[in-house]
Structures are given as C-alpha cells and as structure tokens.
Amino acid sequence: MTSVKFLSVVAAAALAATAAFAAPPVKEVESAKGKVLAGENGMTLYTFKKDAKGVSNCNDDCAKNWPPLMAASDAKADGAYSIIDRKDGTKQWAKNGMPLYYWVKDKKSGDITGDGVGGNWDLAKP
C-alpha cells in the first residue's frame, strides 16, 4: 500500500512539473499604459507590424535591438501561445500567431520605451 501512495505522489509531481514546463514563459505586469505582457524576467514584450502570423521578419541587426522571446526546442504551444520557427532555425514564442520580442532599451519591469518605435512596434497585451 505504501508503494502505491508513493507512486501516486511521484506521478502527480511529474504531471505538475510537465504542466509548469509547458506553460509559455509570460506574465502580466503593470505599465504606464496598463497591463502588458512580459517575459519571466518582468521585461515588456512587443509585436512587430512587419511580421506575419507565424513568421518573424526581425532577424540579424533587428534581433539585436529586439531580442526574440525564445522557446526551448521541446516547449509546447498553449492556448493563444504558439511556437514559430525562426530563419536561423531557433524557436520563438508568439501570441495569436504574432512573434514576441523584448526591447533592449527597457531597463526595468514595466518599462515600455519600445512602444511605437519607428511606427512598427506595439506593446503585447494580455
């Protein structure tokens, strides 16, 4: 009987770990413009108007200033959050098909200095 309880606990823990790992690495934070999406590090996420659903058009120098929200090779899509393949073969998180990025000039949680840059960048909203 003890081994059955032990196995049940181990199975429940494994299921919880899998569920937590599968979740997209995003959360909501407060900004001067209300709630925005942020990475696990609390930094604001953005979308790029020149992207298409499921396609990132921010590569090379663009990606140096707008680092993609990278996805692990074994990450799993969840609800509105999907994973796209980048031109360089890496994986990136997207919301509603639109790839998500950070902005290098944001310095702390809630910063939104990238909103509207070049008329091409928008805050990612929950």
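**The disulfide and its surroundings**

A disulfide connects Cys58 with Cys62, the S to S distance being 2.0 Å. Please bear in mind throughout that this is a predicted model. What is the handedness of the link of Cys58 and Cys62? The link is left-handed, with -105 degrees about the S-S bond.

The two partners may be considered in turn. Cys58 has a relative accessible area of 0% and is therefore buried, since buried means under 20%. Cys62, at 22% relative accessibility, counts as partly exposed.

**The charged pairs**

I turn now to the salt bridges. By the rule applied here, the chain has seven salt bridges, and I shall discuss some of them.

Let me begin with Asp115 and Lys33, whose side chains form a salt bridge at 2.5 Å, N to O. Where in the chain do Asp115 and Lys33 lie? This pair links distant parts of the chain, 82 residues apart. Asp115 is in the loop between strand 7 (98-99) and strand 8 (121-123), while Lys33 is in the loop between strand 1 (26-31) and strand 2 (34-39). Asp115 is partly exposed at 24% relative accessibility, and Lys33 is also partly exposed, at 47%.

Next come Lys35 and Glu30, which meet in a salt bridge at 3.3 Å, N to O. Here Lys35 counts as partly exposed, with 45% relative accessibility, whereas Glu30 counts as exposed, with 51%.

A further salt bridge pairs Lys108 with Asp111 at 2.9 Å, N to O. Are these residues buried or exposed? Lys108 is exposed at 52% relative accessibility, but Asp111 is buried at 14%.

**The chain as a whole**

Finally, the overall layout. The chain contains two helices and eight strands, and their order along the sequence is α-β-β-β-α-β-β-β-β-β. Of the 126 residues, 37% are buried. Among contacts with a separation of 6 or more, 60% are between residues 24 or more positions apart. The accessible surface of the chain is about 7200 Å², and carbon and sulfur atoms account for 59% of that area.

Thank you for your attention.

Terms used: Residues numbered from 1 in each chain as written. Predicted model: local features only at pLDDT ≥ 70, side-chain atom pairs only at ≥ 80, totals over all residues. Heavy atoms only, no water. Helix = DSSP H or I, 4+ residues; strand = E, 2+ residues; numbered from the N terminus. Buried < 20%, exposed > 50% of the residue type's maximum accessible area, 1.4 Å probe, protein only. Contact = heavy atoms within 4.5 Å. Areas by Shrake-Rupley, 256 points an atom, 1.4 Å probe, with all protein chains shown as cover. Disulfide = S-S within 2.5 Å. Salt bridge = Lys/Arg side-chain N within 4 Å of Asp/Glu carboxyl O.
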